[in-house]
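Please look over the model shown below before reading on.

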Amino acid sequence: MDNKLLASLPRDDFDRLLPHLSTVSLQQGIVLTEAGDEVDQIYFPHYGMLSLLAVLRDGKAIETATVGREGVVGAMAGLGFYKSLVRVVVQMPVSVSKISASHFRTIAASSDPVRNLCIRYNEVLLSQARVTAACNALHSIEARFCRWLLQSADRAASDTVALTQEFLAEMLGVRRTSVTEVASKVQAAGAITYSRGVIKILDRPALMRMSCECYETLLDQSATLA
């Protein structure tokens, strides 16, 4: 029940899912689904964060959305056979409840709340992708870095997140040297400390001032669609 979507279901509908749910812990960097794969598992995070990445033909990838305990990955498979359009990666160590797509489809077919969950959260992910695309195109690396840190801290429910420069560079679609320069600048401003792949937020209001409007836009849209 740590997952907010599962917790929001009426008890009878949750009880129908419960026998088919199993809980696993996953380490950072694990790829759960590749773009083009058939979705055979649906994941409900309890803590930590999953990243959804758009993958280009040359192999480069950039993050389009993140999912934590407020959401679900793969839920649209509950409405029919479904191929993933994104790569799903464990961005921060995560505990998830998972259920096979076949069991989830069977339950969704006779449960309005489960079907509505699929549709509603898909709108949240589409909203994230739209805002993130605009942010990547229009805002500075520094503002995007700060927005991304705030999102990550929210998902982790902690002001300390473990993220390497390589991982950050891939999520933001920039060079590692750019991440180094931006992290140093934000640290010099007193908003964070960054050492050996661990970022600690020291001054959240300062980090929000250095971020772009997209962080609050994403919060507002998620609240509206929830």
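Which residue just after α5 takes a positive phi? That residue is Ala157, whose phi is about 55°. This is a predicted model, in which local features need pLDDT of at least 70 and side-chain atom pairs count only at pLDDT 80 or more, while totals for chains, interfaces and linings use all residues. Residues are numbered from 1 along each chain as its sequence is written, and side-chain values use heavy atoms, with hydrogens and water left out.

**Helix α5**

- Helices (H or I, at least four residues) and strands (E, at least two) are DSSP runs numbered from the N terminus, and α5 has 16 residues.
- From its first C-alpha to its last, α5 reaches 22 Å, close to the 22 Å expected at 1.5 Å a residue, where the expected span is 1.5 Å times one less than the number of residues.
- α5 is mostly covered, since 13 of its 16 residues are buried (buried means under 20% relative accessible area, exposed over 50% and partly exposed in between, with a 1.4 Å probe and protein chains only).

**Helix α7**

- The 13 residues of α7 (residues 176-188) should span 18 Å at 1.5 Å a residue, and the end C-alpha atoms are 18 Å apart, which agrees.
- The buried residues of α7 are Ser178, Val179, Val182, Ala183 and Val186; because they cover an arc of only 125° around the axis, they lie on the same side of α7 (the arc is that of the directions from the helix axis to the C-beta atoms).
- These buried residues pack against α5 (141-156), α6 (165-172), β7 (192-195) and α8 (204-210), contact meaning heavy atoms within 4.5 Å.
- The face turned away from the buried side of α7 carries the exposed residues Glu181, Lys185 and Ala188.
- α7 is followed by Gly190, whose phi is positive, near 85°.

**Salt bridges**

- The structure holds 7 salt bridges, each defined as a side-chain nitrogen of Lys or Arg within 4 Å of a carboxyl oxygen of Asp or Glu.
- Arg204 is partly exposed at a relative accessible area of 25%, and Asp154 is partly exposed at 31%.
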